[in-house]
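Please read them with the structure in view.

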Amino acid sequence: MSSDSGLAVQHGTDQGGLGQGTEGAAAQVGDQVRNAPKPQDPAWAPGAVRIERVLGASLAVLGAGPETVLQHLIALQHAFSYVPEEAVARLVAALGVTRAQILAAVDFYAFLHQTPRGRFDIRFSDNITDRMLGSEALLAQLCAALGVRPGEPREDGAVCVDCTSCTGMCDQGPAALVNGYALTRLDAERIRRIAALVETGTPLAHWPRELFVVSNNVEQPGLLLSDLEPREAGLHALLRRGADAVLATLAESGLRGRGGAGFTTADKWRFCRDAPGREKVVVCNADEGEPGTFKDRVLLASYADLVLEGMTIAAGVIGASQGFLYLRGEYRHLLEHLDAVLTRRRAWGLLGGGIGAWPGSALGARGGFDFDIRIHLGAGAYICGEESALIESLEGKRGIPRKRPPFPVTAGYLDRPTLVNNVETFVAAARIAEHGGGWFRGQGTERSPGSKILSISGDCTWPGVYEVPFGTSVAEVLERCGGADTQAVQVSGAAGVTLLPTEFERKLAFEDLPTAGSFMVLDRRRDLLEMVRSFAAFFAHESCGFCTPCRVGGRLVLDLVEKVAAGAGGTHDLDELRDIALVMRRASHCGLGQTAANHVLDTLDKFPRIYRERLRGADYAPSFDLDAALAEARALRKRKDAAAHLALEG
Amino acid sequence: MTDAHSTPSTDSASAERSAFTLDGRCIPFAPGETIMDAALAAGVYIPHLCHKPGYAPHGSCRVCVVRADGRELSACTAPALAGLKVESETEDIHALRLAVLQMLFVEGNHVCPACEASGACALQAVAYHCGMLTPRFPQRFPQRALDASHPDFILDHNRCILCELCVRASRDHDRKRVFAVSGRGIASRLIVDAPSGRLGDTSFSSEDEAAQVCPVGAILLRRRAFRVPIGKRRYDLAPISRTGDVATQLQAELEAETLDT
């Protein structure tokens, strides 16, 4: 099964000319901006006319509500490779948001920039699985070929090469994004071709399509994946039997949220249905950012009808008229496809006004129900997978998790009762509405009914998407995907649990190993400390910065892991690492911070060797390296001789 | 991510209705109050930095972390529940709180002996209250700017702890939206709403509530630095657990000065 990555018109939009960086933006206070790349050639500044064209189109589609600001910023970024200063002023006037709020958002989302990136903005996926497939060498190769350094736009405005968090292509990596579109299966030959395409200024629409092929790699279908033909039977069940009956069926199925937390879906739907407030909202969380997970991409690429049907059933049950599909920016290649499916469903009367307003329908008497769905693009922020941060992002703000209570089911998007479910949850709900709760309960365990769709990557023969009944052991999964000589399995992503081989009989289920689906296999060749470093860097980068333990602790953890990896750590550093990790787990504001150091605690307990073998030996080793601190002085004096270095002791 | 906001068991609730215990002490509360609200009303101090009575709970600094129902909560955001057993002054919670404070101290550039807010700074006072006498983690020494563009104020980013009190005061009380937090993670930082990015080019004024709420020395009123000499300042005289929030104190000082002249 494979699907092309739906490349379409949007590629060419306005990438032909690129803008000048604005001094205004660069003059901001703060470390980050001061280190930002210098503005580019003034000859390329997008004029007021082009800015107006892009913004005008965006405003015409989305309106000028303050909650639309993020979508306008994404449109500008896509057109110009940055958000021009002039456009900021225009948005301030049009939306009634402040300039500071806009800049705060631009600075928050990894895919938005205040200075131009270049005609081609290339970002290598930096998950540990990409690295295991050789992404670092490919990044270096591309940088050398193009004469750039990572993260620094080339002076001629042609290109910027950088890294980004996992792009969800771990089964077909090493992967990257170019102007937001997914590149897969990179190798030295493809990198040479990409460098040539960049140097010749070939518009993205004319790049060879095979670079953009995204495969589904469904290796093992189960309860859901073997029956994905769209036939709207779940929706018909709703119309035939009514909302209460469908909710009862869902309760009978015991379905629990597939995003990882495992809250009972029927309860969530019922809480939202019963919440006071007439304007209710259904949100599909398609922001799967957990490193190593990609199964939602497959569901959205090939089974979008079923996802949208599940959302529509939810809307009918809880009485919502507004729906959002929050699509992570990394899956931009799916945008045109999803828009087309939405358009078709509207044409078929499956979305829009009066759904099910036909004779015989249980909802027919009251003219059916009104429900429509809009796609909201993310812009590179893992935290937006947390449901309240996702809602903040839907409102155009930085993705900061809210405090609870109130819960989204009572006060979510614009304080309306809001139901947020995972992509897979909606798929399961649609099929349960059709086949019944007993059908679903026929698989899985008492506390974890049904199946789980896994994203399997890393050291195995057949990486891809596997659907297994809950209760399946890790060993069984490893056998099916061809994992051999396995050193460790990382279940449920960077925030999940690191398993020793002696734990492989444990079961994937909420009562044992809860998982959102990520399953990364590392064999004995791998340096597990490199995995720890990768995850620590990921969380330091993805912390929203709201609360102290995650904002500061996450960075301290990364520093300590790097210190140990560099062979400069002492046993005191390991004690501190554990202590900071526990502070993060216990004192952080949200689930990200609470789980961000799981991998550190797990590996300290289960794989102490990876730390111990690198210790300098001393109980305490200073993090300050005097010789390294003299590097700047050496550079100024152009000294490279041994006498310019401090004699190394011992 | 977890939806577990469990309700307390009802068996003992009849005797303890509308009261919870804080370190064994009975704390009455009114419906809708948080653990922090009720504790402060009962005269029990829970260390905090981003919380200010009268402001919407925020829960970002995590200094007010307490333990209840087998897990940690921020007292300023957690609703008070009848029969809840809350632990605050235990060794365990104390260690957590101390670590959070130690993180704040290395994140910014907090040099108490050279700071004009010394003695009137909530970060310093809370740290003393919690027994923090030495730094612990490696200093990050971030390079942060000092904004002296405003005629009446200095904005010193070195001391900002991202409590967002000024953000909330300006947005919710002054209706100006002068401040915002930008960026993310360790690069998060306070910005102001002006094309130049400078405080002097905003509508910020000494009349603003946002001018009174900074718990540290990040937003400093000019020309009054050492009117109250070090050694005679609020927290020099009495610990923060008895004195209360710095913001109200500053305001009181200003009012007293206005009366004097």
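1. Helix α5 of chain B (residues 165-173) has B:Leu165, B:Cys166, B:Val167, B:Arg168, B:Ala169 and B:Ser170 buried. A residue is called buried if 20 or more other C-beta atoms lie within 10 Å of its own, exposed if 12 or fewer, and partly exposed in between, with C-beta atoms placed from the backbone. The buried residues of α5(B) pack against β8 and β10 (219-221) of chain B. After α5(B) comes B:Arg175, with a positive phi near 55°.

2. A word on the basis of these points. The model is predicted, and local features need pLDDT of at least 70, side-chain atom pairs count only at pLDDT 80 or more, while totals for chains, interfaces and linings use all residues. Residues are numbered from 1 along each chain as its sequence is written, and chains are lettered from A and ligands numbered from 1 in the order in which they are written. Helices (H or I, at least four residues) and strands (E, at least two) are DSSP runs, numbered from the N terminus.

3. β8(B) and β9(B) form a hairpin with six residues between them, and B:Gly183 in the turn has a positive phi of about 75°. The two strands run antiparallel and are joined by four bridges; strands are said to pair if DSSP finds at least two bridges between them. B:Ser182 stands opposite B:Arg189 in β9(B). From β9(B), B:Arg189 and B:Ile191 point one way, B:Leu190 and B:Val192 the other way, and all are buried. In a regular strand the side chains alternate between the two faces of the sheet.

4. How many residues of chain B are in contact with chain A? There are 44, and they meet 46 residues of chain A; contact requires C-beta atoms, placed from the backbone, to lie within 7 Å. On chain B, α3 (91-107), β8 (179-182) and β9 (189-192) each supply at least two residues of the side that touches chain A. The largest share, six residues, comes from α3(B). By class, this side of chain B has 21 nonpolar, 13 polar and 10 charged residues. Here Ala, Val, Leu, Ile, Met, Phe, Trp, Tyr, Cys and Pro count as nonpolar, Asp, Glu, Lys and Arg as charged, and the others, Gly among them, as polar.

5. Chain B has an open sheet of five strands in the order β2-β1-β5-β3-β4, with mixed pairing. Its edge strands are β2 (25-28) and β4 (71-74) of chain B, each pairing on one side only. Neighbouring strands are turned by 35° against each other on average, direction ignored. α3(B) packs on this sheet and touches β3 (65-68), β4 and β5 (85-87) of chain B, its direction making about 155° with that of β3(B). Angles run from 0 to 180 degrees between N-to-C directions, and axes are lines fitted to C-alpha atoms, for helices over the stretch in contact. Strand β1 of chain B (residues 19-22) pairs with β2(B) in the antiparallel sense over four bridges, and B:Thr21 stands opposite B:Cys26 in β2(B).

6. Another open sheet of chain B has three strands in the order β6-β7-β10, with antiparallel pairing. β6 (146-147) and β10 of chain B stand at the edges with a single partner strand each, so one side of each is left without a neighbour in the sheet. Two bridges join β6(B) to β7(B) (residues 153-156), and the bridge partner of B:Leu146 in β7(B) is B:Asp156.

7. Why is helix α4 of chain B (residues 122-129) described as largely enclosed by the rest of the structure? Six of its eight residues are buried. These are B:Ala122, B:Leu123, B:Gln124, B:Ala125, B:Val126 and B:Ala127. α4(B) is followed by B:Gly131, whose phi is positive, near 80°.

8. In chain A, strand β12 (residues 418-422) has five of its five residues buried, so β12(A) is largely enclosed by the rest of the structure. A:Thr418, A:Val420 and A:Asn422 point one way from β12(A), and A:Leu419 and A:Asn421 the other way. Strand β8 of chain A (residues 280-286) pairs with β12(A) in the parallel sense over five bridges. A:Asn421 in β12(A) is the bridge partner of A:Cys284.

How values were computed. Two residues are in contact if their C-beta atoms, placed from the backbone, lie within 7 Å.
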